[in-house]
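Work through the exercises below with the sequence and the model at hand. Try each task before reading its solution.

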Amino acid sequence: LLGGTADSREAALALLGQGYDVLLSVVSEHAANIARGMMGSDLPAGRDGGWPRGSLRMRVGALDMAGLDALLGDVDAVVDATHPFAEQISALAREACSKVGVPYLRLERPSTELPDGVITAANTADAAALAAETGGDGAILVTVGTHTLEAYVNAARKVGRRLVARVMPSVESVARCLELELAPADIVAMQGPAGAELDAALLRHFGATVLVTKESGDIGGLTAKLEACRTAGVTAVVVARPRLDRRLGDEGRAVETISDVR
């Protein structure tokens with residue numbers, strides 16, 4: 001189970017409850033700690049009919065093709081429940097599974113219907129340009145993580161606008177912000193989703209006129225962010241999901257994943 005998302009924790013619990021042994025692979029120790037904390041008290045006692053629940057193992061660290069190949073020798077199926085924007089690992093997992101004939105199942109959270117007034121962007125470059133030219137001279141609040149943050153920082157600086165980055169509360173995320181020479185006052189390190197009320201308060205606090213986010217679905221806090229923008233009178237720029245090949249189990253919930261695994 002490739003995860004680190006709330007979707008993967010839900011899927012792990014469901015699969016364990018049906019007696020499957022699960023190896024949950026996450027990228028960081030931070031993600032592993034969240035998974036342990038959220039799953040520890042919820043582990044099922046057993047599946048219907050008195051069967052013992054499956055065992056749970058966890059591995060931490062990024063996976064390349066060699067790492068995937070090593071893992072696939074000991075599994076019957078791969079469930080990819082990574083973030084909708086984790087393009088690289090999803091593509092690698094599909095390729096690795098195809099090579100050795102291991103079933104690959106994609107559990108992707110449903111998309112969110114965007115309301116009128118939201119600006120959509122096909123990619124990071126478009127989103128950065130749109131954010132920089134929208135909303136006058138107000139600050140830009142960016143909530144897309146740190147992997148693509150540099151593009152937004154550069155676009156904002158070109159037009160002389162303040163950029164505030166809301167990132168994960170990890171050493172790596174804050175260090176990346178500092179590498180990009182963001183001032184401490186322009187870094188918000190917090191675990192999301194935050195909820196519409198707090199999101200709106202942050203927008204008002206920083207005088208933001210634009211919020212940039214990804215189309216990460218309701219579970220990723222998108223609906224709350226859009227509601228916050230409506231409440232605070234802020235324009236939302238939403239980066240569209242990357243479009244990978246779609247296959248069995250591509251969009252759904254843990255219950256459908258169990259059916260697909262069977």
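**Exercise 1.** Which helices each supply at least two residues of the lining of the second largest cavity?

*Solution.* The model is predicted, so local features need pLDDT of at least 70 and side-chain atom pairs count only at pLDDT 80 or more, while totals for chains, interfaces and linings use all residues. Residues are numbered from 1 along each chain as its sequence is written, and side-chain values use heavy atoms, leaving out hydrogens and water.

Step 1. On a 1 Å grid over the protein atoms alone, a cavity is a set of points where a 1.4 Å probe fits but cannot get out, and lining residues have an atom within 4 Å of a point. Searching the whole structure gives two cavities of 30 Å³ or more. A volume is the space filled by probe spheres set on the points, which are joined across faces, edges and corners. For the second largest cavity the volume is about 30 Å³.

Step 2. The lining of this cavity consists of Ala 128, Ala 131, Ala 132, Ile 140, Tyr 152, Ala 155, Ala 156 and Leu 163.

Step 3. Helices are DSSP runs (H or I, at least four residues) and strands likewise (E, at least two), numbered from the N terminus. The helices asked for are H5 (124-133) and H6 (149-158).

**Exercise 2.** Sort the lining of the second largest cavity by class.

*Solution.* Ala, Val, Leu, Ile, Met, Phe, Trp, Tyr, Cys and Pro count as nonpolar, Asp, Glu, Lys and Arg as charged, and the others, Gly among them, as polar. The lining then has eight nonpolar, no polar and no charged residues.

**Exercise 3.** Describe the largest nonpolar core and the contacts of Val 212.

*Solution.* Step 1. A nonpolar core is a set of buried Ala, Val, Leu, Ile, Met, Phe, Trp, Tyr and Cys residues joined through side-chain atoms within 4.5 Å. Buried means under 20% relative accessible area, exposed over 50%, and partly exposed in between (1.4 Å probe, protein chains only).

Step 2. The largest such core has 25 residues, and Tyr 152, Leu 163 and Val 212 are among those with the most contacts inside it. Elements giving two or more residues include H5, strand S6 (139-142) and strand S9 (208-214). The most comes from H6, with five residues.

Step 3. Counting contacts as heavy atoms within 4.5 Å, and leaving aside residues up to four places away in sequence, Val 212 touches Ala 131, Ile 140 and Tyr 152, among others.

Terms used. 1 Å grid on protein atoms, 1.4 Å probe; cavity = no way out; pocket = protein on both sides within 12 Å on 5 of 7 lines; lining within 4 Å.
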